[in-house]
Amino acid sequence: MTTEAAPREGANRPALALHVPEPAFRPGDPVDFGHLIIPPAGAQSRPEETCQAAATHPLCIDLVRVLGDDDRAHGPWDPRLSPDRLRAMLRTMALVRVFDGRMYRLQRQGKTSFYLKCTGEEATSVAATMALDAGDMIFPSYRQQGCLIARGYPLLEMVNQIFSNRADKLKGRQLPILYSAREVNFFTISGNLATQLPQATGFAMASAIKGDTRIASAWVGEGSTAEGDFHNALTFAAVYNAPVVFAVVNNQWAISSFAGFAGAERTSFAARAIGYGIAGLRVDGNDPLAVYAAHAWAAERARLNGGPTLIEYFTYRVEGHSTSDDPTVYRAKDEGSGWPLGDPIARLAAHLTALGEWSEDRHTAMLEELDAEVRTAIRTAEANGILGHGLHQPDTTMFEDVYEHMPWHLKEQMAQALHERAVKYPPADHA
């Protein structure tokens, strides 16, 4: 005699299933960004800086744009910068790209271990930084070398840090590109994702508690919005109305994971501001004028005690994540060239040309000048040492500057490290 098994409870209901995000294109696929909604430049409203946060929420879904297809500035977000200011912006963005190109070559020559370019994203750091006051504190991620260069930090110091040589002010303690520059209010870059966001909120709250006038501005990639620190920072900033600007650089890719894994399929990253009840803007990140205008708006709002703003810069990572990455194994070949919002440097140059303030000859001469400037910095830095050259910081520096007086256990560890190095590399081997 057999008995029929009782049906599983709920068996008449649909089986549960998960959605696994998948990018629009993979290697070998044709590229078509036709699914993106690109609104006309100048069509977006510009609320007052002191408006209620909800007044900005439609702009979290829209896309703030200024430069049109005719290379002219349009609409209320036009920051109306002078030609000299625009040329300075163009020069700084071009310097960042030239610097990146030279550093990439040096890594391939074995002179440093690692480098990370920001090609196509220069406006999100350079134009944004130019919209801040020099005293405002910058909390960058690892693709914001443009913030440092925009504040006039010497290229030589950057290359020394990348080489971890004897002139490196960070004494070889940081990975290449993880800069720190107190003199230009540039907070130390951490390799851990999103840690700079709570730090920025904390700085902004402290500034307000002291009655200071300096605000904080932090940058993070779109993938890092999935980190807990992102939400901790926004919660505190929203609760206490902290004077801070959060910039999410949505370059579509977090190493090999596309933006969908951070939630981009559901809504924009700027729309996360709605849930926190703070101001939010979604901005064409390849439009330097729109980036400048948005960051200046958010900074002024913070200065007027209007509270925090979350800005999403919608852009594209043209290069690989770093020199350790091969993007051809996970994304289509023509994605970068097919990006519909163009290149920020080319767009600004075209705008200046349309104004009669720039030319192809001037652009060529500028690039030659910038390349010479970068090569001079590299030659000087190379004299201070490169990877494996031996002109690096002594091993003892890793134990120093942690405490005012070195505790006994660090002294023991330092002695052991020096002994092991002497055994492995006897002094005669250095002769």
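Biologist: In which crossing, right-handed or left-handed, does α1 pass α2?

Modeller: This is a predicted model, in which local features need pLDDT of at least 70, side-chain atom pairs count only at pLDDT 80 or more, and totals for chains, interfaces and linings use all residues. Residues are numbered from 1 along each chain as its sequence is written, and side-chain values use heavy atoms, with hydrogens and water left out. Helices are DSSP runs (H or I, at least four residues), numbered from the N terminus. A crossing is right-handed if the near helix is turned clockwise from the far one by less than a right angle, and left-handed if anticlockwise; that of α1 with α2 is right-handed.

Biologist: At what angle do α1 and α2 pack?

Modeller: Two packed helices are described by the angle between their axes and the distance between the axes. Axes are lines fitted to C-alpha atoms over the stretch in contact, and angles run from 0 to 180 degrees between N-to-C directions. For α1 and helix α2 (residues 122–130), the axes are 10 Å apart and the angle is about 140°.

Biologist: Where is Asp401, and is this residue buried or exposed?

Modeller: Asp401 lies in the loop between α11 (360–382) and α12 (408–424). Its phi is near 65°, a positive value in a residue other than glycine. Most residues other than glycine have a negative phi. With a relative accessible area of 54%, and with exposed meaning over 50%, buried under 20% and partly exposed in between (1.4 Å probe, protein chains only), Asp401 is exposed.

Notes:
Helices (H or I, at least four residues) and strands (E, at least two) are DSSP runs, numbered from the N terminus.
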